[in-house]
Number of protein chains: 2
Amino acid sequence: MLRMSSLFLRTLRDDPADAEVASHKLLVRAGYIRRIAAGIYSWLPLGYITLRNIERVVREEMDAAGFQEVHFPAMLPKEPYEETNRWSEYGPELFRLQDRKGADYLLGPTHEEMFTLMVKGEYSSYKDLPLSLYQIQTKYRDEPRPRSGIIRGREFVMKDSYSFDIDDAGLDLSYSKHREAYVKTFKRLGLSYNIVSAMAGAMGGSKSEEFLAPCPTGEDTYVLCEKCGYAANVEAMKTLIDAPAHKDFPALEVLDTPNTPTIDSLVEVLNSQYGGGYTGADTLKNVMLMADNKPIAVLVPGDREVDIKRLQANLIGVSELRIFEEEDFAKHPKLVKGYIGPQDAKSFGITLYADPRIAPGTAWVTGANKKNCHARNVVNGRDFTPDAYVESAEVRAGDLCPSCKEPVIIDRAIEIAHIFQLGRKYAQALNLTVLDQNGKAQVVTMGSYGIGVSRAVAAVAEQTHDEIGLSWPIEVAPAKVHIVATGKEDKPFDVAESIGVELEKLGITVLLDDRRDPSAGVKFKDAELIGIPIIIVVGKALEQGNVEIRVRKSGEKSESSVADAVKNIASILSKLS
Amino acid sequence: MLRMSSLFLRTLRDDPADAEVASHKLLVRAGYIRRIAAGIYSWLPLGYITLRNIERVVREEMDAAGFQEVHFPAMLPKEPYEETNRWSEYGPELFRLQDRKGADYLLGPTHEEMFTLMVKGEYSSYKDLPLSLYQIQTKYRDEPRPRSGIIRGREFVMKDSYSFDIDDAGLDLSYSKHREAYVKTFKRLGLSYNIVSAMAGAMGGSKSEEFLAPCPTGEDTYVLCEKCGYAANVEAMKTLIDAPAHKDFPALEVLDTPNTPTIDSLVEVLNSQYGGGYTGADTLKNVMLMADNKPIAVLVPGDREVDIKRLQANLIGVSELRIFEEEDFAKHPKLVKGYIGPQDAKSFGITLYADPRIAPGTAWVTGANKKNCHARNVVNGRDFTPDAYVESAEVRAGDLCPSCKEPVIIDRAIEIAHIFQLGRKYAQALNLTVLDQNGKAQVVTMGSYGIGVSRAVAAVAEQTHDEIGLSWPIEVAPAKVHIVATGKEDKPFDVAESIGVELEKLGITVLLDDRRDPSAGVKFKDAELIGIPIIIVVGKALEQGNVEIRVRKSGEKSESSVADAVKNIASILSKLS
């Protein structure tokens with residue numbers, strides 16, 4: 001039984017200065033976590049019990065699905081990560097260090113390489129597959145902007161699993177089994193979530209989905225169709241294309257459009273000088289970027305920006321992407337800033353990408369590659385031809401659902417899990433093969449599946465807290481019952497103690513507020529802040545032989561005789577989740 | 001229920017090439033651990049269950065003692081370790097790294113600083129004390145020679161506790177409580193051990209003891225008196241001094257002793273030219289060392305070497321110690337190598353330390369500080385005076401017990417735990433004070449207590465294995481019962497399965513060997529290697545309606561009817577420990 005009189009805990013009345021989101025504020029104020037450095041936190045007793053409760057639920061569901069737990073070091077040698085190129089690809093997000101002999105190591109941000117090599121070391125036959133292994137482990141990522149407390153930390157706890165199959169059908173099945181296990185896990189954790197299509201590109205795979213916990217302060221934005229349930233992260237949203245209305249456009253016409261380097265200024269000049277009711281959506285923006293040090297142009301409708309993160313996710317094989325700077329323009333003097341059009345991209349040696357909205361057969365107003373001039377009736381397929389189409393324009397609320405054509409909404413969320421069909425990338429790089437039924441070596445196909453375990457503490461807090469404090473679901477709470485004894489007499493303390501002892505005999509964990517000094521008001525405030533699901537008050541009602549039972553979440557209050565208290569508490573608990 | 005048909009496990013017939021000690025060989029062969037890099041290991045499923053079993057026992061005993069679990073990051077900012085000087089004092093054993101902004105971090109080798117600051121952050125009154133906090137956590141030390149598998153790793157799991165008290169009496173009590181909790185823990189883990197006096201110096205404290213698990217291949221040597229039970233690690237062994245036999249020695253006499261730079265050559269010349277039956281024990285060795293770049297001489301009897309580790313442990317305040325090299329002699333030309341005596345130490349500007357055997361009033365043969373000359377009747381207190389006495393001579397079996405004067409033995413062991421009275425060093429450096437009853441700020445006094453959790457897996461394996469494999473105590477074993485089904489028929493497999501199911505219903509964990517391909521012999525060998533305490537064979541005896549029950553440790557075999565098997569197994573289990 002936890003006792004407030006000795007529990008290593010000091011609640012705080014004020015929000016910490018560096019906290020912006022509710023979970024961060026409340027977890028600090030309620031004495032669950034403390035900051036050690038940017039993105040690096042300690043867990044105090046209540047916090048660590050909560051974290052371990054989540055670990056336990058995750059572990060139980062992994063085990064129930066037949067996945068096997070192993071454990072890797074966090075400090076890993078460079079070599080396997082060099083073989084897959086991630087030693088360099090990871091960039092500054094990877095914590096690197098050297099040992100006393102000068103050998104290179106990293107702090108594992110994720111363990112694909114290590115699991116691949118582990119299976120390679122033990123298994124050699126198709127008969128050994130399918131196999132799914134997992135670990136619950138401390139991971140390291142040197143985030144450029146660690147924030148929101150433990151939501152985006154630099155040292156954090158993650159459950160990562162990896163599946164190994166002989167063929168694609170096997171991978172599909174392993175993927176489904178993980179997906180199901182995750183659904184069960186998050187139900188037990190009391191988290192609401194959407195399963196959202198995601199881009200698998202960066203990890204080198206094919207199918208990928210994210211589990212996103214909706215939360216107004218979440219860092220992830222995603223697209224949700226409230227009608228049909230379609231959900232995708234913004235990177236993975238598919239643009240719905242209508243066939244072009246016209247087929248025969250007049251010939252390309254170059255117009256004098258002095259001083260119109262922006263879309264707004266262009267639209268104004270067009271409408272005032274050339275008529276036709278143009279809007280930004282009729283114009284074509286040519287955004288110049290450097291992709292791995294090669295110039296590319298990306299075409300989007302003039303009323304939308306390029307979403308660099310979305311472009312990056314869809315531009316497979318490009319690792320570094322940035323907007324043209326002055327010096328890049330200086331190196332490409334034929335590009336007339338503010339007046340660029342796609343008509344001459346080939347002759348300029350520039351790779352031309354187009355958002356799908358720039359569909360073949362559509363006509364646009366765009367730059368004429370000449371200062372103070374634009375061109376109209378510039379037709380895709382006639383006057384220019386993109387080298388490739390790539391989803392790159394910003395996604396907006398009201399865009400049409402690719403599944404049912406209704407307008408979508410854009411919602412915010414915390415990513416709590418991510419599942420990937422990795423395919424054969426890692427197995428190939430590290431030569432993980434098994435012999436098939438014909439004795440032929442086959443490269444194994446893999447899946448990778450992660451749950452943010454420490455992040456889930458914050459995600460649950462975000463979704464379940466209210467204005468007065470934390471309010472944990474049963475499986476997550478650091479104790480199931482918080483008993484508050486009040487008054488100056490011994491009796492309420494004795495009764496509280498004996499109810500606590502009886503509850504613990506039934507396996508119901510208890511936090512007993514046995515402090516004599518603080519007022520009842522202070523104790524109630526602490527109980528509300530700490531967020532244990534059921535609060536028992538042993539005080540005034542004792543004159544009538546009763547205790548008060550409060551349900552933290554609903555605020556529901558009832559009285560019970562002392563004699564029936566344990567039975568009644570157990571019964572209320574069994575109805576909560 | 002674990003099943004061999006799907007368990008991620010391949011046992012090996014051969015010992016790994018890099019393994020020297022039994023636990024390392026067997027843990028690799030039985031598929032518990034795999035090497036990733038020097039001193040860095042992964043845990044396979046059976047190994048990880050075993051590790052977690054030990055963690056669980058440690059946690060339960062810590063909780064039962066009223067200690068509270070918290071959890072720190074492994075990656076820690078430099079600043080607190082600078083305030084206590086350990087950032088530099090730790091030397092190359094500390095893994096250091098920088099983040100993307102160039103800020104310095106370390107991977108925690110131990111967490112005194114962090115715990116001190118945590119308590120400082122929350123507590124401020126003597127009423128808050130005593131307090132003991134612990135964590136079970138991954139630690140990092142860049143060992144110069146990582147070896148013996150997981151016994152001396154560079155990334156390892158440790159339970160570290162810290163106690164906080166207002167005064168010395170409180171510290172004594174907290175220390176005792178930890179000591180008792182450790183005794184209970186190791187009993188449950190089935191480890192035999194000696195509690196051994198140790199040096200607390202390096203950690204800056206006073207009282208200190210080690211829990212050493214005797215083991216012929218252990219890295220730690222310690223002194224044990226089989227008569228009275230006195231035990232000390234070699235560094236902490238106290239020399240028993242007899243009062244000198246004589247009081248009036250003849251005057252110091254310089255002798256010609258050509259070509260006698262060693263003790264043996266000196267003794268030969270003495271006895272042949274000057275008579276008197278000298279032995280090495282009558283001579284005095286002057287060992288020159290550099291202590292933090294200052295020259296010191298250490299006097300030990302000629303028949304013993306200086307034990308540098310022992311000297312270092314007893315020479316408080318010296319962080320770097322090394323034997324004189326040629327260039328050091330070059331800088332001190334008055335020192336005649338091979339013929340140095342303590343008579344002129346003061347005039348040479350050398351600090352003179354003496355082993356306690358060089359007691360005041362004793363007379364010696366030693367160098368005359370002149371080539372090819374020695375002196376005899378060189379008396380401590382008359383002809384030289386040590387600046388200080390320091391335990392520095394090697395300890396040998398047969399040395400006398402300081403407690404009962406009987407000859408001691410020297411034994412080998414694995415250090416499994418270490419308890420320290422740290423005192424106020426860290427609290428002082430980091431300014432951890434609380435207000436006492438009079439409202440006056442008092443520096444808190446601390447203890448530090450560690451158990452090597454991952455090392456304990458190896459220590460238990462070392463002490464309990466036999467020539468055919470591992471043989472785990474009940475609380476540690478990855479499963480309690482290993483059921484081996486043999487033969488080609490379905491029946492033994494069905495019976496084995498149903499016994500397994502019934503055992504698990506009772507909470508008795510089972511590893512079922514349900515493989516159809518391997519021979520019975522291969523399965524038995526695997527079971528013996530894996531080391532689960534009870535092995536059930538479901539095979540031939542089934543014709544008589546029986547199964548065979550084998551106790552792994554004793555080799556005892558009995559038969560039981562299938563109907564009574566579960567009851568009989570449970571009964572045998574309850575008698576094992």
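Trainee: Buried means under 20% relative accessible area, exposed over 50%, partly exposed in between (1.4 Å probe, protein chains only). How many of the eight residues of helix H1 of chain A are buried?

Mentor: Six of the eight, so H1(A), residues 22-29, is largely enclosed by the rest of the structure. This is a predicted model, where local features need pLDDT of at least 70, side-chain atom pairs count only at pLDDT 80 or more, and totals for chains, interfaces and linings use all residues. Residues are numbered from 1 along each chain as its sequence is written, chains are lettered from A and ligands numbered from 1 in written order, and side-chain values use heavy atoms, without hydrogens or water.

Trainee: Which ones in H1(A) are buried?

Mentor: Ser23(A), His24(A), Leu26(A), Leu27(A), Val28(A) and Arg29(A). Helices (H or I, at least four residues) and strands (E, at least two) are DSSP runs, numbered from the N terminus.

Trainee: What do they pack against?

Mentor: In chain A, the buried residues of H1(A) pack against strands S2 (33-37) and S3 (40-43) and helices H12 (453-464) and H14 (520-530). After H1(A) comes Gly31(A), with a positive phi near 75 degrees.

Trainee: Other topic. How can chain B be laid on chain A?

Mentor: By a turn of 180 degrees and a shift of 0.0 Å along the axis, with an RMSD of 0.1 Å (least squares on C-alpha atoms of residues with pLDDT of at least 70 in both). The two copies are thus related as by a two-fold rotation axis.

Trainee: Which residue of chain B comes closest to the rotation axis?

Mentor: Leu97(B), with its C-alpha at 2.7 Å. The same surface serves both copies, as 98% of the contact residues of chain B (heavy atoms within 4.5 Å) recur in chain A.
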